[in-house]
Amino acid sequence: MTVRPDNRLADAPMQALRCRRCDGPVLVRKSSWEQTTIQWSEQAMADCPNLRTDRYETCPDLRMTIQQATLDGAVKVIDE
């Protein structure tokens, strides 16, 4: 069986962003307005007060940061 390479990140790499609340650094990619990929750094996971209570939830403060950065044009939406 041949595995097809995933070239999505080559075409549209993840972008660095910092949470406005805790300043935790993450990498973000918006494939569409509805779909967001987040790669948490060790520092962001340690700094985030919301992840201290539930490590399996996405931080609402980070979600708002990503939303605002997208509206401001700092984070590009791939499929517009």
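Cys 59 is buried, with a relative accessible area of 2%; buried means under 20% relative accessible area, exposed over 50%, and partly exposed in between, with a 1.4 Å probe and protein chains only.

## Basis of the model

Residues are numbered from 1 along each chain as its sequence is written, and side-chain values use heavy atoms, without hydrogens and water. Because this is a predicted model, local features need pLDDT of at least 70 and side-chain atom pairs count only at pLDDT 80 or more, whereas totals for chains, interfaces and linings use all residues.

## Overall architecture

The protein chain contains three helices and three strands, in the order α-β-β-β-α-α from the N terminus. Helices (H or I, at least four residues) and strands (E, at least two) are DSSP runs, numbered from the N terminus.

Of the 80 residues of the chain, 30% count as buried. Among contacts (heavy atoms within 4.5 Å) between residues at least 6 apart in sequence, 48% join residues at least 24 apart.

## The nonpolar core

A nonpolar core is a set of buried Ala, Val, Leu, Ile, Met, Phe, Trp, Tyr and Cys residues joined through side-chain atoms within 4.5 Å. The largest one has 13 residues, of which Leu 17, Val 26, Val 28, Cys 48, Leu 62, Ile 66 and Val 75 touch the most other members. Strand E2 (25-30) and helix H3 (60-72) each supply at least two residues of this core, and H3 gives the largest share, three residues.

Leaving aside residues up to four places away in sequence, Val 75 touches Gln 15, Leu 17, Val 28, Lys 30, Ala 69 and Thr 70.

## The largest pocket

Lys 30, Trp 33, Thr 36, Ile 38, Arg 63, Ile 66, Gln 67, Thr 70 and Leu 71 line the largest pocket. On a 1 Å grid over the protein atoms alone, a pocket is an open set of points where a 1.4 Å probe fits, with protein on both sides within 12 Å along at least five of seven lines; lining residues have an atom within 4 Å of a point. Strand E3 (36-40) and H3 each supply at least two lining residues, and the largest share, five residues, comes from H3.
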